[in-house]
Amino acid sequence: MLIQRYLITSVCKLKHSYLRKLNHRNLEVRKMSSRTKQKPVVAVTQMCTTNDKAANMRQVEQLIGMAKAQSAEFIFLPECCDFVGENRKQTLELSEPLTGPTMEQYQALAKKHDVWLSLGGLHESILDQYERKTDKIHNAHVILNNRGELVAVYRKLHLFDVDTPEFTFQESKVVCGGQRLIAPLDTPIGKLALQICYDMRFPESSILLRRAGAELLTYPSAFTFYTGKAHWEILLRSRAIETQCFVLAAAQVGHHNAKRKSWGHALIVDPWGKILANLGERKLDVATVEIDLDSLEPIRCRMPCFKHRRDDVYSLVAYGEGTTEPQQDYMFAENCIKKQTIFFESPYSYAFTNICCVVEGHVLVSTKRIVARLKDLNSVEISDLFTVTCRIQRMLENFYKTSASTVNVQDGPLAGQTVPHVHFHVMPRRVGDFERNDDVYRKLDATAGKKVERTIEERIKEAQSYREALRTMKQ
């Protein structure tokens, strides 16, 4: 017995010693791989634009040349890199659609220098049905790839309407706010999330973008001198620390005209909140940094803030977040819902076509997690489920040209629930569809009992129609 214990102990010691050596060797290999792998170089720029678009473009050309000379493959230009108007009328006159000649020049520069460009906030004309300019524009953050192709457009959500002792500014007098965040982009420098200037004061959006996979946040800005002096660095470092992302903030600097002055101090901040580059108040300059994405995982693992978020107590849900192309089947209690019949999927819910319809367009919206009762959902599931249900209701009413819906949840068997999994019935209503309005509930129970089922082919075809309707629906 003693000999047996000795042999077992010896084998265990040898095994542990071998595993320690193997882990150490693997760590060294990873370190060597990290050292030898080329890290992407990014450039943030700083400039002072005016109402002279040609002169501004010459500044952009010079900045791109400076950044390219420092091996940058992704160059970030500030908000208003196209121009800064002296008044509302001039701003509207100088604005262009994203198919205009100024965009063509940017595209040619990206292609010529083989670089990706972040055009931090262009004055995008909003056109009417006759292709004429309206009295509002978008503040649009545009990404071009190294072939000069337009990859993404984010339109600024939060508009800078402020009244301070030093100045008053009303961005909403000329700018129409955007309607949604856009998912982080796959780029040569990592997953990039787009925002603009004043957006940095709203941490909710950056947290949602990090949750969607962001590795880098960008805030191209024309930050006012007074607010910049007080808040610029604090805000950007805070966004980096709380999201554990790199933060890239190109900036305008100096006097644009007699009424407007920008703070400058373009920054690059790492996920620990350390400032990697600061351009101070230099008038026309570039700062380049190697982006080490390998540094993200250790920070996020050692301090897993996003695993510690209390979704049972509070939640953040972005309207419109989700996809019309689900990649998997989901269980609806004990029933398998095929992905071909699912026409929208959000982080916590999904919408699918119904087997037994009470009215035409009767669909279901369910949680992904199998939970029997509404009261047992956590905070984020409640927010997400109701957000998706309202979006699907809006789509169906638009699709069927109706103006009312019955939105129903049967919460528990005594309430008529036959599938023990939280779900909403969404039913677009029409004039005269029932003799008495409340008959819809009797029909709902009767249909569940009779099981008059539609074919899978019918449901798939219907789901395809709804996907297209959601893709084309205004947010």
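**Exercise 1.** Decide whether threonine 49 counts as buried or exposed, then find its place in the chain and its contacts.

*Solution.* Step 1: Take the cut-offs, where buried means under 20% relative accessible area, exposed over 50%, and partly exposed in between, with a 1.4 Å probe and protein chains only. Step 2: Threonine 49 has 0% relative accessibility, so it counts as buried. Step 3: Threonine 49 lies in the loop that runs between β1 (41-47) and α2 (53-69). Here helices (H or I, at least four residues) and strands (E, at least two) are DSSP runs, numbered from the N terminus. Step 4: A contact means heavy atoms within 4.5 Å. With neighbours within four places in sequence left aside, threonine 49 touches Asn56, Gln59, Cys80, Cys81, Phe83, Val84, Gln252 and His256.

The model is predicted: local features need pLDDT of at least 70, side-chain atom pairs count only at pLDDT 80 or more, and totals for chains, interfaces and linings use all residues. Residues are numbered from 1 along each chain as its sequence is written, and side-chain values use heavy atoms, with hydrogens and water left out.

**Exercise 2.** Describe how α2 packs with α4 (residues 101-113).

*Solution.* Step 1: The angle between α2 and α4 is about 15°, and their axes are 11 Å apart. Axes are lines fitted to C-alpha atoms, for helices over the stretch in contact, and angles run from 0 to 180 degrees between N-to-C directions. Step 2: Angles under 35 degrees count as roughly parallel, over 145 as roughly antiparallel, 65 to 115 as roughly perpendicular, and the rest as oblique. Therefore α2 and α4 are roughly parallel to each other. Step 3: List the residues: Lys53, Met57, Val60, Glu61, Ile64 and Lys68 of α2 meet Thr102, Gln105, Tyr106, Leu109 and His113 of α4. Step 4: These residues divide into 5 nonpolar, 3 polar and 3 charged. In this count Ala, Val, Leu, Ile, Met, Phe, Trp, Tyr, Cys and Pro are nonpolar, Asp, Glu, Lys and Arg are charged, and the others, Gly among them, are polar.

**Exercise 3.** Which residues of α5 (residues 203-211) are buried, and what do they pack against?

*Solution.* Step 1: The buried residues of α5 are Ser205, Ser206, Ile207, Leu208, Leu209 and Arg210. Step 2: They pack against β9 (190-194), β10 (216-218), α6 (225-243) and α7 (296-302). Step 3: Just after α5, glycine 213 has a positive phi of about 115°.

**Exercise 4.** State how many helices and strands the chain has, and what share of its residues is buried.

*Solution.* Step 1: The chain has 10 helices and 23 strands. Step 2: Of its 475 residues, 49% are buried.
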